[in-house]
Protein chains: 2
Amino acid sequence: MKKLDFAQDDIIALATPAGVGAIAILRLSGQHCIQIVNQVFKGKNLEKQASHTIHFGTICDNDLVLDEVLVSVFVAPNSFTKENSVEISCHASPYIIQQITQLFIKKGVRLAKAGEFTKRAFLNGRFDLAQAEAVADLIAADSELAHRTALNQMRGGFSLKIKHLREKLIHFASMIELELDFGEEDVEFADRKLLTSLVNELQSIIKHLIQSFAVGNVIKNGVPTVIAGKPNAGKSTLLNALLNEEKAIVSEIAGTTRDVIEDELVIEGITFRFIDTAGLRQTNDPIEKIGVQRTEQKMKQASIILYLFDVNDNFTEELSKIKIDLDAQNIPFLMIGNKVDMLENQELIKNKILDLDFSENQIVFISAEKKLYLENLQNALLRMVNLDSFKNENTIVTNIRHYESLLHTQESLFDVLNGISSGITGDLLALDIRNALYHLGEITGEITNDDLLANIFSKFCIGK
Amino acid sequence: MKKLDFAQDDIIALATPAGVGAIAILRLSGQHCIQIVNQVFKGKNLEKQASHTIHFGTICDNDLVLDEVLVSVFVAPNSFTKENSVEISCHASPYIIQQITQLFIKKGVRLAKAGEFTKRAFLNGRFDLAQAEAVADLIAADSELAHRTALNQMRGGFSLKIKHLREKLIHFASMIELELDFGEEDVEFADRKLLTSLVNELQSIIKHLIQSFAVGNVIKNGVPTVIAGKPNAGKSTLLNALLNEEKAIVSEIAGTTRDVIEDELVIEGITFRFIDTAGLRQTNDPIEKIGVQRTEQKMKQASIILYLFDVNDNFTEELSKIKIDLDAQNIPFLMIGNKVDMLENQELIKNKILDLDFSENQIVFISAEKKLYLENLQNALLRMVNLDSFKNENTIVTNIRHYESLLHTQESLFDVLNGISSGITGDLLALDIRNALYHLGEITGEITNDDLLANIFSKFCIGK
């Protein structure tokens, strides 16, 4: 790893969210931070305490008591940043947090920049860059799959895969570099056939990872889903029926997730984000409006369109028109026949449907109001996303930076293959392999630079 | 203290504010909580760890890792609640907080009610009721004085004063009870003269405490302040000039206090809360409108009125009218001559002012735009609040419940004095003394009941 210079000065930040609560944590890190906290702490001598111990006392600005606190001491290298660290657990009062922070600023500690604790942890070798990035994803994760993917990445699963790929390539790179040393003797240490088969193997793994990004994106950002249909088809009722079930589960723990699930529905760990189609709903003839030209923008946002219709209406013409439009745009859709509880003649509808030539997976029947057969709808949604092939996989690319690095790696490996087949010289081949290694190394931070790091960590919150 | 029954079941709550941040703390308390956390913690055996130690590991729901965490172990009675306690420091993700909380609910832990941790701390004798109530005040405190008063109360300063008062009374109460035992022998163990002088002494202390509530209220809730004046007198400019200075100081620490100081100004630890007088501003003739009838409601909210005028206008008639109105309503006011930087003839204005017969403390001259002489305005504001007599006192009543109990104590002591002077019998005297003791005891919770406790702690946030 390229060693970066940075001053080991002492930093402080609020690590817990701002707002009303019982406890707030102020986090300090840096060579002198235990000593500095000790100067303003009335209680035990913190400099003489073992790592990972907690001490009750007061934080005082000279004689003025600012708060009664618990101080946790972490002695380097046994801390998150691998530096000396202190966590001050004080009352979650903005005034107290401000006063304590200002006291430490007076003592020469400076405010941490966004992501600076994590950046220090990375620079001190606690984890690699992909792992550090996963911390932010983990905090943002709001579904089972997003959580599992981020946690796996944070714990090094993805990094290990990249590391294996690099190791294999490095072996060949060194072989070829060796050839260059013996350049005039015209020896081939690196078997071109073996190299070809290795690169092909790597390409297949990288291709799979690149493909996983589509899934990773769904996992991280949810599936954009549009519920369309004529007025009074029951769109709002359906959305409420779907969301209410979810809200009932979540509301067990008041205040934790309510904001997050607003207009989102998590089914078996996958988030479906419902896009407001108010524009569509207000038109008089929604069928017409779902044409390519006029609603293109809304539709492009949607991965899935749920088209709701009233089974008691004459829907044959409506649905066949919609089907042609959506098929032309290649947008996955699901027809939802609503209000089955009010249906009088079941046979009649069967015949109507048969005429329309839908596949089994393209249509379900429910009653949104009576909450009947909603599980069929949910299962159909899950089938449409079809994450099955990735669902049990731990390594899924969710980060666009990693995705781009993998694309570049793929290109470089393609150049390697081309080079071998056209018999280019070892030094040119070495260049292409080094390019591939460079791009793989960008992912985990073996290859890095100040700008990249600044860019990555500035997206973190302060205190992380 | 009346011992209350309550089940020592295990409780959990988020102790840190909800929202985006790096770290969240889930707090557990109860006899079995260390053992329960240990069941889902992969790391060291928590049951074998010393109190006040921190342990890294993962929280797992069977094989599913929910998060990497730091677990702090507190062994009874060395915890906030005096019960076994655990603090789990996890990533501040709503999803993770929800998952971990649900895991513990599955394990038989229940969600804590508002204030339940503090209530347990009180019931287990960590502190008395007045101290417990101060915790909420401390978290809400947003100025130096509010903070100092709450902290002193939390640390037992106020309780100690009440305790001393009670002890003195208890001594006499027991003397009189002794008389009752010897009822038929007609002895007086309790010297009526000494009792009278004691009660007079207590009354004077209690009166002082009751009086301090007016100040306590200002400290806790701020001074409601109205800035009035003709359009273009410079009201907004003044408010911004005053607030901006403060904001500049506060904004050093982003995100901690910005919401709190909105429209509030803290001068030397005292909060001035500016009341919106948009209604006044929109009228064509604001002078007329500041009459008793029409703006009575706004005015009643104000402890202080700042009346701003342009020194370059003809203000004599305007100000004299206002002065008569405000004097009639007995509202403290301060006349502020603005735009002195644009003044051409200083002598002229001096003569105008002399005609108006203001006291030296009733008028200041500034330039809001140029930020000139704002410190004179601030000093004038401080003089108007006149906290000097209480400023260096630690024991100030800020809680309306305490205030009411003190009023009841005062009444009972008044009855005692009346009783002595009218020579009533010892048993009746004992009743009045016991009443006074009862009301004093309510403050610190020596006398309490379930309803009172429920009422007090329900005002706390969950997790406290």
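Colleague: How many bridges join strand 1 of chain B to strand 2 of chain B?
Modeller: This is a predicted model. In it, strand 1 of chain B covers residues 11-14 and runs antiparallel to strand 2 of chain B. One pairing sets Ala13(B) against Arg27(B) of strand 2. The number of bridges joining the two strands is four.

Colleague: In strand 6 of chain B, which residue is the bridge partner of Ile25(B)?
Modeller: Strand 2 of chain B also pairs with strand 6 of chain B, residues 85-91. The sense is antiparallel, over seven bridges. In strand 6, the partner of Ile25(B) is Ser89(B).

Colleague: Is strand 2 of chain B largely enclosed or open, and how many of its residues are buried?
Modeller: Take the two faces in turn. Ile23(B), Ile25(B), Arg27(B) and Ser29(B) point one way, and all are buried. Ala24(B), Leu26(B) and Leu28(B) point the other way and are buried too. Strand 2 of chain B is therefore largely enclosed by the rest of the structure, and its buried count is seven of seven.

Colleague: Now chain A. Which residue of strand 7 is the bridge partner of Ile12(A)?
Modeller: Ile12(A) and Leu14(A) point one way from strand 1 of chain A, while Ile11(A) and Ala13(A) point the other, and all are buried. Strand 1 of chain A pairs with strand 7 of chain A, residues 110-111, in the parallel sense over two bridges. In strand 7, the partner of Ile12(A) is Leu111(A).

Colleague: How many of the eight residues of helix 1 of chain A are buried?
Modeller: The buried ones are Cys33(A), Ile34(A), Ile36(A), Val37(A), Asn38(A) and Val40(A). They pack against several elements of chain A, among them strand 2, strand 6 and helix 2. Helix 1 of chain A is largely enclosed by the rest of the structure, because its buried count is six of eight.

Colleague: What kind of axis relates the two copies?
Modeller: Chain B can be laid on chain A with an RMSD of 0.3 Å. That takes a turn of 180° and a shift of 0.1 Å along the axis. The copies are thus related as by a two-fold rotation axis.

Colleague: Which residue of chain B comes closest to the rotation axis?
Modeller: The distance is taken at C-alpha, and the value is 2.2 Å. The residue is Thr53(B).

Colleague: Why do the copies meet through the same surface?
Modeller: In the contact, 58 residues of chain B touch 59 residues of chain A. The copies meet through the same surface because the share of chain B interface residues that are also interface residues in chain A is 100%.

Colleague: What area is buried between chain B and chain A?
Modeller: Carbon and sulfur atoms give 68% of the area. The total is about 5100 Å².

Colleague: Which element of chain B gives the most to the side that touches chain A?
Modeller: Start with the polar part. Between the chains there are two salt bridges and twelve residue pairs in polar contact. One salt bridge joins the side chains of Arg155(A) and Glu68(B) at 2.9 Å, N to O. On the chain B side, the largest contribution is eight residues, from strand 5.

Technical notes: Residues are numbered from 1 along each chain as its sequence is written. Chains are lettered from A and ligands numbered from 1 in the order in which they are written. This is a predicted model: local features need pLDDT of at least 70, side-chain atom pairs count only at pLDDT 80 or more; totals for chains, interfaces and linings use all residues. Side-chain values use heavy atoms; hydrogens and water are left out. Copies are superposed by least squares on the C-alpha atoms of residues with pLDDT of at least 70 in both. Contact means heavy atoms within 4.5 Å. Buried means under 20% relative accessible area, exposed over 50%, partly exposed in between (1.4 Å probe, protein chains only). Two strands pair if DSSP finds at least two bridges between them. Buried area is the accessible area (1.4 Å probe) that two parts lose on being put together, summed over both. A salt bridge is a side-chain nitrogen of Lys or Arg within 4 Å of a carboxyl oxygen of Asp or Glu. A polar contact is a pair of N or O atoms within 3.5 Å; within protein, one must be able to donate a hydrogen and the other to accept it, and residues adjacent in sequence count only if both atoms are side-chain atoms.
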